[in-house]
Amino acid sequence: MSSVDFEEAGHKLLKIKLEPGQEMELCIMLLECCSQERTYLRYYGLLGQRFCMINKIHQENFEKCFVQQYSMIHRLETNKLRNVAKFFAHLLGTDALPWHVLAYIRLTEEDTTSSSRIFIKILFQELSEYLGIRLLNERLQDPTMQESLESIFPKDNPKNTRFAINFFTSIGLGGITESLREYLKNMPRLIMQQQKQVAESESGSDSSGSESDSDSDSSSASSSSDESDRETRKRKRRRRRS
């Protein structure tokens, strides 16, 4: 782009008259220009940030771009992949893009490729540089973020949990896996508690069933006794009449 700085470029681009629904083309163009550079230029990140802050439509479109780019990340050359990852890291690090977009990433051995792992690596390393490891960890531990991050920090089974821990440790970000390590450490105890609860529930159900059967038997016995008494009284009346 020929503009001196991102503010001038943003001003010129926003003056372009777009038909409703064409806003996506602007975001795609910006991302494509960024990916074509030999090295990442912060200029594009600042420009994308400006668009997101000015109009929520651009923010939503960049979110769609994130999903599209990640779904086809295996088609990108390493240089393009790096630029795209750094671009989105800038938007996330400046809160121009909501962090719930990370829910589209599932970090398991089966759900990632070498390309997607490189993308995730660069994305989080850049976030660590922008925010610092302490602030990044605080953001990742935010209770309101847990639902969006459960696919990156999986707790569905030990295999996926270990994979995520090993991945972040290998890229120098083991500090953001403390909660996963604690969860993995306590997993045997949690499993035992769950099994105990299930056993107690089944035991309570069996006990309730036995009591119900006992009450039913008592009721049947009482009913039989009443019928026998009535039959005896009828016989006595017949004898008196005769």
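Trainee: How do I read the surface value of Lys-159: is this residue buried, exposed or partly exposed?

Mentor: The idea is to ask what share of a residue a probe can reach: buried is under 20% relative accessible area, exposed is over 50%, and partly exposed is in between, with a 1.4 Å probe and protein chains only. Lys-159 has a relative accessible area of 47%, so this residue is partly exposed. Before we go on: this is a predicted model, where local features need pLDDT of at least 70 and side-chain atom pairs count only at pLDDT 80 or more, while totals for chains, interfaces and linings use all residues. Residues are numbered from 1 along each chain as its sequence is written, and side-chain values use heavy atoms, with hydrogens and water left out.

Trainee: Which residue forms a salt bridge with Lys-159?

Mentor: Side chains of opposite charge can pair when their charged atoms come close. Here a salt bridge means a side-chain nitrogen of Lys or Arg within 4 Å of a carboxyl oxygen of Asp or Glu. The partner of Lys-159 is Glu-110, and the closest N and O atoms are 2.7 Å apart. Glu-110 sits in the loop between α5 and α6, whereas Lys-159 belongs to helix α9 (residues 158-170), so the pair ties together parts that are 49 residues apart in sequence. Glu-110 counts as exposed, at 52% relative accessibility.

Trainee: How many salt bridges does the structure hold?

Mentor: There are five salt bridges. One of them joins the side chains of Asp-95 and Arg-139, at 3.0 Å from N to O. Asp-95 is in the loop between α5 and α6 (114-131) and Arg-139 is in helix α7 (residues 133-140), so this pair links parts 44 residues apart in sequence. Both ends are partly exposed: Asp-95 has 41% relative accessibility and Arg-139 has a relative accessible area of 23%. Asp-95 has another feature to look for: its phi is near 60 degrees, a positive value in a residue other than glycine.

Trainee: You keep naming helices. How many helices and strands make up the secondary structure?

Mentor: Both are DSSP runs, numbered from the N terminus: helices are H or I with at least four residues, and strands are E with at least two. This protein comes to ten helices and zero strands. Of its 242 residues, 36% count as buried.

Trainee: At what angle do α3 and α5 pack?

Mentor: You compare axes, which are lines fitted to C-alpha atoms (for helices over the stretch in contact), and the angles run from 0 to 180 degrees between N-to-C directions. α3 (residues 42-54) and α5 (residues 78-93) pack at about 45 degrees, with their axes 9 Å apart. That makes α3 oblique to α5, since angles under 35 degrees count as roughly parallel, over 145 as roughly antiparallel, 65 to 115 as roughly perpendicular and the rest as oblique.

Trainee: Which residues make the contact of α3 with α5?

Mentor: Contact means heavy atoms within 4.5 Å. On the α3 side you'll find Arg-42, Tyr-44, Gly-45, Leu-46, Gly-48 and Gln-49, and on the α5 side Phe-87, His-90 and Leu-91. They divide into four nonpolar, four polar and one charged; Ala, Val, Leu, Ile, Met, Phe, Trp, Tyr, Cys and Pro count as nonpolar, Asp, Glu, Lys and Arg as charged, and the others, Gly among them, as polar.

Trainee: And how do α3 and α4 pack?

Mentor: α4 covers residues 56-71, and its angle to α3 is about 125 degrees, with the axes 5 Å apart. These helices are therefore oblique to each other. Gly-48, Phe-51, Cys-52 and Ile-54 of α3 meet Lys-56, His-58, Gln-59 and Phe-62 of α4. By class, this contact has four nonpolar, three polar and one charged residues.

Trainee: Which residues is Gln-125 in contact with, leaving aside its neighbours within four places in sequence?

Mentor: Those are Ile-171 and Leu-173. Gln-125 lies in helix α6 and is partly exposed, with a relative accessible area of 26%.
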